[in-house]
Amino acid sequence: MNNPTDIKERIKKNLVWKSIFRRDYRNTVRDRAQAIFGNIFLHLHPVQVREGAVKLRFTWGMGGITFFAFIILVITGVVLMFYYHPSIEQAYSDIKDLEFQVPFGVILRNLHRWGAHFMVIVVMIHMFRVFMTGSYKAPRQFNWGIGVILLVLTFLLSFTGYLTPWDQLGFWAITVGTNMGAATPLLGYQGPFSEFLHITPFNDVRFALLGGSRVAGNALLRAYIWHCVAIPLVSVILMFVHFWRVRKDGGISKPQK
Amino acid sequence: MNPFIEIITQPDNIAIVIMIMLVTFFTLWAFQQALDNDKLIAAGKPVDGENEGLVDTFKPLVRIELIIALAVMVFLTFWSIVVDAPLEEIANPTLTPNPAKAPWYFLGLQELLVYFDPWLAGVVLPTLIIVGLIAIPYIDINPRGNGYYSFEERKFAIVTFSFGFFILWLLLIVIGVFFRGPGWLWYWPWQEWDHARVVFEPTRDLSNVIGIDSRSLPGFIIGAILVNGYLVAGMVAPYKYLKKKMPDFLKQFGMIRYLVTTFLFITMMSIPIKMVLRLVFLIKYIWITPWFNV
Amino acid sequence: MATDNQNKSSYRVYLFVFFSVLLLLMTLWIVWDDEFGLRPWKKYQKEFKSLKHEQLQKEYDKAQSDFRKSGDAQTLARLEAQLKKAKDLFNSSEVQQKYKKLSGQWADVHESAARNQKELQTNRGQYLETEYYFTKTQKPEYKKKMDELQKRIDAITAKGAAMQKQEEALKAALVPFTSGIADIEAEIEKMKSPLEEKKERIGTSDKVPVEIKQVYIRDIDLADRCQSCHIGIDGSKQISTKQPFTRHPASFVFLKNHDPEKFGCTFCHRGQGRATTSVQKAHGNVKHWEEPMLEGDMTQTSCLKCHGDVKHLRGAEYIAQSTELIKKYGCYSCHKIPGYDSIGDVGPVLTEVGTKVNYSWAINWLLDPKNYFATARMPKFFFTQDEAESIADYLFSMSGTTRHDVDYSTETPDEKLVEQGKTLWSQARCNLCHITNGKGGNNVKVYAPDLSKVGSKVNKEWLFRWIKNPNAYFPGTKMPRFRFTDEEIKALVEYIVSEYTDDEASPKYTTPVEIKSESIKKGKDLIVKYGCYGCHKLQGMESMGQIAPSLVSQGVTFLKADEMREKIGTELSSIGSKPVDMLDFGKLKKSISNDRLSYIKQKLRDPRGYRLGLRMPNFRLTESEINGLAAVLYGYTDNNVPSRFMVPSRQELDKMAGVQSYKFTGDFAKIIEDVKCTNCHSIKGIGADYAPDLSLAGSKLQESWIRKFLANPDVIRPLLQQMPKLGLTGGAAPAKITMPKFNLGIQKVEDTNRSDVDVIINYFQQELVTTDIPKEIPVITTLTPEDQIAKGKELYDQKGCRSCHQVGTDGGALGPNLSNVGNRLNPGFIFRHLENARKFKPDIVEPNYGFSERERIYLTNYLMTLKLNAK
């Protein structure tokens, strides 16, 4: 009984333990495989992978790190949402209070901010790696395309989040960014040929982005919804497709024999 | 304080410093592996990983994933404890900061605004960049270099991509962050920002150089010829060249693929051309039309 | 293969452990940061609590030792002994037996009384029921039963009353047993309770939780957490003089009128009220927070946020005094400042300046006004010689065609005239406003030029014109029109020019030189550029062309109205909240602190220092003037303060209530405009507080005395009225205040036959009166007038009036001389004044003695006998 192995055995025979892990792990081929496909998270992986997939020097782990950064951002982001009102009267004070009032508010916001920067950096390096190993080539052409869209979504996630603190930095970054929308050919009121469609500042692309003709309360609400709901949703769906296709296209691309 | 250190230690810019370090590191690593593999190929030996077997996912892969996750978490936590996220003054629509900079990852596009009108720099070019990136797998029909680092086997692809990635994307970001001051003027890191500085703005257009008003009909015609000529020549000249030197490749490549590739390529090359015209010859527009300017 | 894997996996385990430990450390770091690193207020609150504990403990200890010392301890011990004795006695078996017996009896009676009561209720219920049936059926049996029940009820009630009596008697018999004990216990409790209370307070203060203290005001989105560190700011007692534990200074003014729960802290002090993580952040001394905390007098800048008028506001003395600087230097002439709109009234009218001054003087003045006299108010514009000449040329060209000087230094003055002029000069008390050779200028409310060198500035003809009728040359000037005769003016001019001429001045243009038209053009451009018309009236100049047609024909036109912009300087109405990014620090960006206040101060110190091409002149302000002005400007913000905070000024209130501000009417208004009474006197809120307030002069003063006084003003108060009550006079002996002799009564008011003295008296008696002051005082018939006067004198001596007031040669010099008060004041005024001096003059020093009505009558009667009939 005092023997640690005994205790271990007892725990493993416990009803609760068994209900969770089903069976004992004995480091056999079968069990190692079971560990992968018996687990909802791990079964994205195949049971066996090429040796190179385990080595850091080939993939640099960048795709995985990107996904991990995304998870950190989702978790911190959800907690941040508890403390935040997307209105121009409250947004700025809410962010101030994160620092001054909310328990662990400082680290929460810092993690979210730097995690976002980090994700952008990592996703760019990931793309660079995939290009350098030629991993976009057949049969993975489609998945590269998904990846490019995910890259764009990452930028947009970060960009929409910029406005939420409602400070000078975010406000003017968004103003500069959305002013580009006004220059869209045909659909932006400053863009070429827009006069043929009777485009004004009140019905162009920028108006649609901001919910108004200038950055104000509606723009903040829109940025918030895009940032917290719409883009993450699309991103998650595309990420599933991305991972699914990695698996279905034969795992990590490796030189063919 | 030294203005350079001041810029570099701004909380948001620390991310860019980290990016520069990471990108440099991984670029060197990638090219080193590519050159190693090139040597192996030249010697007729199998490339790295060609003969490798399979391993169980559990635990080697799972374990390494866990370790990386831990390392990333440690890194991010440390970063978050040491550096506080910036929060500037409350938004004030009446007070435009000078310079008003976009988030750093969009500074490349903002830099393009110096050389192109917003509809090009802000809408058309970004769209083409996305389309172009997605199109890469479909226009790169080179079957070699799939699944391993190599340079010799896909010189053209890597050089073109690297040009776009390092020069037109990352370098422009670095310029935008560290070298652009009030009025989007160029400042060396050791220079003080001077809000009252005024710099000669080139307003002349290409045809003005040879004495023709760019807004007149002859100017319009000259511009149209130049711009469209560039497009046509950019598409026709390589065709002639390839037809002569590599007819088999061209045939295999196909007409549609050829057109898409050259269009994207010459569009990309128009960026450095326009930059040179602007920075060296102080020329603003090449072609002025009543609807848009190029 | 297997071993290889094994090795690899083992080093990976190390990596795993390594990163796990690191992550754990990071987590601990985060927790430490959140618990301590980012919560400095916890430390402060704990320290404060221990300080408070110490103080309360000390108080408790002291109270305890006092208790012991004062002999209360013995009393207590004695009482306790008594208590014990009383209790012992009570507990002794004999007493207990009696007590128990009695209380047993009482219990029995009490019980049966209760039973009786219950029975009574039952019967009453039955009675009511029966009554109900009877009214319903009218059957006689019910009636019978009712009677029966009524009888029974009566019996029970009688029994109950008897029982109650018995019960009370028993209870009263019980009381003496315990009353002694209860009394002693109450006594002990009374002695102990102050100590107990003190002890309890220690307990309650120890139990106060350590937490963020916050004031939140919704409509201005103010969340101040300042009191998380400044925990003792609102306390009833000073716990420590150390920051952040002190109490708010003068909290009986500031916090009493501005409850921190309703105003917060940052409403007045600025700073970042939400911040709790560091002192720098909370005090707003960090980047991206543009409202650093205000301390000390500087905080008064916030008074301007809500208070429309800070002039007599307690606690706002510094800002009130600084606001005067805005008026003194006429900042509003060039800048738009809320509450100041007028333009062109700081400096004199320049339209005919060419007929007034010497050209050489004008150049000297333009180059640097302080060259001429040190207290010159006009700022230095840093003109070059050339520019100064151009401006002078333009100004002179408005009334002539030449540069010209006069030089009186070589003339020999007419001694007789000079002597006569000197007498007039002193009679007219010119030195009251004007300084000459370092003397005079006591009335600081009026800015009058230093006349020490005026003979080298102006010419005699102009001086004559000026003294004869100042309003004619400069409408709205502060200079009064003295009623001199032409001969007198001539003498005065002769005296001034001979006495106050600068021998070192060297007039260059004693032979006039023609002015060049290019120079005029240039001068005009300079005037437009620097906005001289902001302070000096230069309007209507187009018509001036007629005076000098030759110049107009040469292509020079004078200033047109549209060339004069409304205000030349930056608008200052929200300078105190202007974003720092909008302030151009120019070449001083690196050398001075980049905040709003430093910017304002540096701008005032060196207005053209930020970059080339700035136009603001240098006023050569002292450092304390700079601080004062900066404090005022800093208070002009565009913060939207909810109306419930606003305290409108009197004028604003009057405007809201539709009350017209007071206006002088009729001939009296003309006299005011002419003699400028309000330069010194205040009448119905208009004018300066240099001389006595005349708002109630009609009720206060006797007509005959007014007549005499106006004809020949004499000293009333020997001391400066404005002498600070506790301040020092700076060594200079206080000058005597005497009203200038205006020679009123000699002339008739225009278009009427009345003399101006009659007009004044009439106005005083019609307008400047109050029904509050009776014409006559109550009469006492029980005493003879002589006795009353004697009693009054007795009171005068008894209450020590002579320590401040002088009668004859006897008495102090703080209050007015009363030697002639019987001729001067109306008895009704004295009577009311003695009742409550502050009623008519809120800031008077005279104490309130609380005289009875009779005493006041006696005193008044006595004072009315004080007359100098010889005069």
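Chain B has a radius of gyration of 24 Å, whereas a compact globule of 294 residues would have one near 19 Å; the radius is taken over C-alpha atoms, and the globule rule is 2.2 Å times the number of residues to the power 0.38. The structure is a predicted model, in which local features need pLDDT of at least 70, side-chain atom pairs count only at pLDDT 80 or more, and totals for chains, interfaces and linings use all residues. Residues are numbered from 1 along each chain as its sequence is written, and chains are lettered from A in the order in which they are written.

The C-alpha trace of chain B spans about 70 × 60 × 30 Å along its principal axes. Of its 294 residues, 30% are buried (20 or more other C-beta atoms within 10 Å of the residue's own, with C-beta atoms placed from the backbone). Chain B holds 10 helices and one strand (DSSP runs of H or I, at least four residues, and of E, at least two, numbered from the N terminus), in the order α-α-β-α-α-α-α-α-α-α-α from the N terminus.

Turning to the interface, 80 residues of chain A are in contact with 72 residues of chain B, a contact being two C-beta atoms, placed from the backbone, within 7 Å. On the chain A side, helix H8 (residues 105-132) provides the largest share, 17 residues.

The two chains also meet through strands: E1 of chain A (residues 48-50) pairs with E1 of chain B (residues 54-56) in the antiparallel sense over three bridges, pairing requiring at least two DSSP bridges. Here Arg50(A) has Leu54(B) as its bridge partner.

Technical notes:
A residue is buried if 20 or more other C-beta atoms lie within 10 Å of its own, exposed if 12 or fewer, and partly exposed in between; C-beta atoms are placed from the backbone.
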